[in-house]
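Student: I'd like to go through this fold with you and ask where the labels come from. Can we put it on screen?

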Amino acid sequence: MTTMTTRCPHCKAMNRLPIERIEDTATCGSCKEKLIDGKPVEGTTDNFLSLIQSDKPVVVDFWAPWCNPCVGFAPIFEDVAAEKDGQARFVKIDTEEQQMLAAQYRIRSIPTIMVFKNGQMIDQLNGALPKGQFSQWLDAVISQ
């Protein structure tokens, strides 16, 4: 059984999750909150490929802590993640800590938002948007 390790978006505890059960509703072993849906998950080189292999759209925010637009966009990304719980998964990748992923996906400006389905990128957005515009763009992408 192959597993991936992911950090709980609620209590930050590390959890090992069988890849075969990633589509199930997984809960944190410590706080019992949802691990994958409803709140952005931390993406790493160890778990990213497993996360994007979903038939559910996966919305990825490539960001950096020193980037003011990224920091300003973070609450919008979290709000939309909560609103779209069950419709899409949300992942945040810190490009400073995950430089290999940033290079692999050719991230040249941040924030960069990518949407994946079944491991394939289906759309991309460069730059931060207000909540209404981001949600509208995402609705159009998800409905494809």
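Tutor: Helices (H or I, at least four residues) and strands (E, at least two) are DSSP runs, numbered from the N terminus. This is a predicted model, where local features need pLDDT of at least 70, side-chain atom pairs count only at pLDDT 80 or more, and totals for chains, interfaces and linings use all residues. Residues are numbered from 1 along each chain as its sequence is written, and side-chain values use heavy atoms, with hydrogens and water left out.

Student: How do you know that S4 and S5 pair?

Tutor: Count the bridges: strand S4 (residues 58-63) and strand S5 (residues 89-94) share six, and the cut-off is at least two. They run in the parallel sense.

Student: What makes S3 and S7 edge strands?

Tutor: The open sheet has the order S3-S5-S4-S6-S7, with mixed pairing. S3 (41-42) and S7 (120-126) each have a single partner strand, so one side of each lacks a neighbour in the sheet.

Student: And what makes S6 and S7 a hairpin?

Tutor: Two residues sit between them, and six bridges join the two strands, which run antiparallel. Threonine 112, for instance, stands opposite asparagine 126 in S7. In the turn, asparagine 118 has a positive phi of about 55°.

Student: Why is the pair of phenylalanine 77 and phenylalanine 134 called tilted?

Tutor: Rings of Phe, Tyr and Trp (its six-membered ring) pair if their centres lie within 6.5 Å; planes under 30 degrees apart are stacked, over 60 edge-to-face, and the rest tilted. Here the centres are 6.2 Å apart and the planes stand at 35°, so the pair is tilted. Phenylalanine 77 is in helix H2 and phenylalanine 134 in helix H4, 57 residues apart. Both belong to a cluster linked by ring pairs, along with Phe73, Phe90 and Trp137.

Student: How do you know whether phenylalanine 77 is buried or exposed?

Tutor: Buried means under 20% relative accessible area, exposed over 50%, partly exposed in between (1.4 Å probe, protein chains only). Phenylalanine 77 has 0%, so it counts as buried. Phenylalanine 134, also with 0%, is buried too.

Student: Why is S6 described as largely enclosed?

Tutor: Five of its six residues are buried, so the rest of the structure largely encloses S6.
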